[in-house]
Amino acid sequence: VPEGLALDLRPYQVEGFHFLVYLSRNRFGGILADDMGLGKTIQSITWILWLREEKRRQLGPGKPIRPALVVCPKSVLDVWEAEFRKAAPALKVQVLREKEAFDAATLENHLDVLVINYAQLRGLHEELKPARLLCAILDEGQQIKNPDSLSARAARDLKADNRLVLTGTPLENRLLDLWSLMTFATPGSLGDRKYF
């Protein structure tokens, strides 16, 4: 568990975090699917801290580390803000309240984490496209279950070294839901849509 984490994880949360590390070390994206209230947010924040520590070891001191992006429903923006404050107070986190407050230069040069909602992901699609991200996390990832939706297309266009979907319901209506989530998390792993 990274040193920068300001709270203790429960044993099953440590196990979930180790799963995320395993995925990253093997260059996979993934889906962390678990019941509500069991700590997917905390496990994700721990993973972001670990990714930053790993990148710091690779780059050496003083080199900039790319920011992380968290996309979540508008109703949980405050939850993410509070959890970052508790678990990783040293990180510079911006929770975007209005689309107009987005600034690409600030994201690139002054933030460790940007938290946005799905409407902002769609609205900022073109502005986010060129951004290079340490990781992209989709909370309540079933929001991209329809692969033809604007949210799913905008998510797939993100340029992130690591990708993660958080959800309690990876399959809601049809098997194509899972294909859409995995096509974001690990592009190409399940083949194209027709093949799948």
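This is a predicted model: local features need pLDDT of at least 70, side-chain atom pairs count only at pLDDT 80 or more; totals for chains, interfaces and linings use all residues.
**View 1. Leu 69 stands opposite Ala 136 in strand β5.** Residues are numbered from 1 along each chain as its sequence is written, and side-chain values use heavy atoms, with hydrogens and water left out. Strand β2 covers residues 68-72 and runs parallel to β5, with 4 bridges joining the two. Strands here are DSSP runs of E with at least two residues, helices are runs of H or I with at least four residues, and both are numbered from the N terminus. Two strands pair if DSSP finds at least two bridges between them.

**View 2. Both faces of strand β2 are buried.** Ala 68, Val 70 and Cys 72 point one way, while Leu 69 and Val 71 point the other way. In total, 5 of the 5 residues of β2 are buried. Buried means under 20% relative accessible area, exposed means over 50%, and partly exposed lies in between (1.4 Å probe, protein chains only). β2 also has strand β4 (residues 113-117) as a parallel partner, joined to it by 5 bridges. Look for Val 70, whose bridge partner in β4 is Val 115.

**View 3. Strand β5 (residues 132-139) is mostly covered.** Of its 8 residues, 7 are buried. Besides its bridges to β2, β5 is joined by 7 bridges to strand β6 (residues 159-167), and β5 and β6 run parallel. A handy landmark for this pairing is Asp 139, which stands opposite Leu 166 in β6.

**View 4. Helix α8 (residues 175-185) is largely enclosed by the rest of the structure, because 9 of its 11 residues are buried.** Among the buried residues are Leu 176, Trp 179, Leu 181, Met 182 and Phe 184. Asp 177 and Thr 183 are on the buried list too. What do the buried residues of α8 pack against? They pack against β1 (30-33), β5, α7 (150-156) and β6. Contact means heavy atoms within 4.5 Å.

**View 5. Ser 180 is buried within helix α8.** Its relative accessible area is 1%. Leaving out residues up to four places away in sequence, Ser 180 touches Ile 144, Lys 145, Asn 146, Pro 147, Ala 152 and Arg 156.

**View 6. Thr 186 sits in the segment after α8.** Is this residue buried or exposed? Thr 186 counts as buried, because its relative accessibility is 13%. Neighbours within four places in sequence aside, Thr 186 is in contact with Phe 28, Gly 29 and Gly 30.

**View 7. Stepping back, the protein chain holds 8 helices and 6 strands.** From the N terminus, the elements run α-β-α-β-α-β-α-β-α-α-β-α-β-α. Buried residues make up 49% of the 196 residues. Among contacts with a separation of 6 or more, 70% come from residues 24 or more positions apart. The C-alpha atoms fill a box of roughly 45 × 40 × 30 Å along the principal axes.
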